[in-house]
Amino acid sequence: MPVKIRLQRHGKKGKPFYWIVAADSRAKRDGKFLEKLGVYNPNVNPAIIELNVDSAVQWLHNGAQPTETARNILSYKGALLKHHLAGGVRKGALTEEQAEEKFNAWLAEKEGKISQKKDNLSKAEEEAKAKALEAEKEVNAKREAEAKAAQEEAQAAEAKEAAEAEATEEKSENAE
């Protein structure tokens with residue numbers, strides 16, 4: 001029975017949400033699976049990936065073949081690296097402690113990159129909000145200036161009309 005590590009789609013139309021599963025390659029995409037290894041949510045930035053690395057490595061040891069997208073996800077979370085290091089331990093090139101040390105160092109570096117990306121995204125979002133607020137303030141200032149100018153013009157027009165009305169009244173009084 002050939003086993004694949006692949007994605008199983010869930011979620012509604014336009015909002016995909018995936019389970020990462022080990023399944024028989026003959027099963028339907030969203031059908032039966034042998035074990036759920038994790039979840040993948042591409043709807044947010046950065047994408048949320050929760051993966052049971054040890055189970056994924058165990059399936060890789062047993063010969064499961066990941067699909068292209070699943071391979072990228074396993075690589076991103078370090079399951080392929082852990083599988084590779086375990087192969088080195090089996091061959092005697094590394095000890096278990098050295099392999100675990102290398103994996104933990106890689107995880108720490110990866111976590112640093114992810115947190116940096118999150119910080120950059122939040123900083124960019126704050127800058128965009130600040131720019132939008134400045135643009136809104138400029139628009140409001142222009143709108144207030146236009147309203148004030150229109151109000152002054154209206155007052156000047158009223159004063160002019162009053163003066164003309166007074167002048168016509170004086171002319172009509174003088175004519176009588």
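Apart from its neighbours within four places in sequence, Asn 45 is in contact with Lys 117 and Leu 121. The structure is a predicted model. Between Asn 45 and Lys 117 lie 9.4 Å in space, C-alpha to C-alpha, although the two residues are 72 residues apart in sequence. Asn 45 belongs to the loop between strand 3 and strand 4. Its relative accessible area is 53%, and because residues over 50% count as exposed, Asn 45 is exposed.

The loop that holds Asn 45 forms part of a hairpin, in which 6 residues join strand 3 to strand 4. Strand 3 covers residues 35-41, and its pairing with strand 4 is antiparallel, with 4 bridges. Two of the facing positions can be named. Asn 41 stands opposite Ile 48 in strand 4, and Tyr 40 stands opposite Ile 49 in strand 4. Strand 3 is mostly covered, with 5 of its 7 residues buried.

Strand 3 also pairs with strand 2 (residues 17-24), again in the antiparallel sense, over 5 bridges. In this pairing, Val 21 is placed opposite Lys 36 in strand 3. Strand 2 in turn runs antiparallel to strand 1, to which 8 bridges join it. Here Lys 4 has Ala 23 in strand 2 as its bridge partner. The hairpin of strand 1 and strand 2 has 6 residues between the strands, and in this hairpin Gly 11 takes a positive phi near 90°. The pairing of strand 1 with strand 5 is parallel and consists of 2 bridges. The bridge partner of Ile 5 in strand 5 is Pro 66.

Taken together, these pairings give an open sheet of 5 strands in the order 4-3-2-1-5, with mixed pairing. Strand 4 (48-51) and strand 5 (65-66) are the edge strands, each of which pairs on one side only. In a regular strand, side chains alternate between the two faces of the sheet.

The largest nonpolar core has 24 residues, of which Ile 5, Ile 20 and Leu 37 touch the most other members. Two or more residues of this core come from each of strand 1 (3-10), strand 2, strand 3, strand 4, helix 1 (53-61), helix 2 (68-77), helix 3 (79-91) and helix 4 (96-175). Helix 1 gives the largest share of the core, 5 residues.

The buried residues of helix 1 are Val 53, Ser 55, Ala 56, Val 57, Trp 59 and Leu 60. Just after helix 1, Gly 63 takes a positive phi of about 105°. The packing of helix 1 against helix 3 was examined next. Two packed helices are described by the angle between their axes and the distance between the axes. The axes of helix 1 and helix 3 come within 9 Å and cross at roughly 55°. Angles from 65 to 115 degrees count as roughly perpendicular and those under 35 degrees as roughly parallel; helix 1 and helix 3 are therefore oblique to each other. Their crossing is right-handed. On the side of helix 1, the residues that meet helix 3 are Val 53, Asp 54, Ala 56, Val 57, Leu 60 and His 61. On the side of helix 3, Ala 79, Leu 80, Lys 82, His 83, Ala 86 and Arg 90 take part.

How values were computed: Residues numbered from 1 in each chain as written. Predicted model: local features only at pLDDT ≥ 70, side-chain atom pairs only at ≥ 80, totals over all residues. Heavy atoms only, no water. Pairing = 2+ DSSP bridges. Buried < 20%, exposed > 50% of the residue type's maximum accessible area, 1.4 Å probe, protein only. Contact = heavy atoms within 4.5 Å. Core = buried A, V, L, I, M, F, W, Y, C linked by side-chain atoms within 4.5 Å. Axes fitted to C-alpha atoms, helices over the stretch in contact; angles between N-to-C directions. Parallel < 35°, antiparallel > 145°, perpendicular 65-115°, else oblique. Left-handed = near helix turned anticlockwise from the far one by under 90°.
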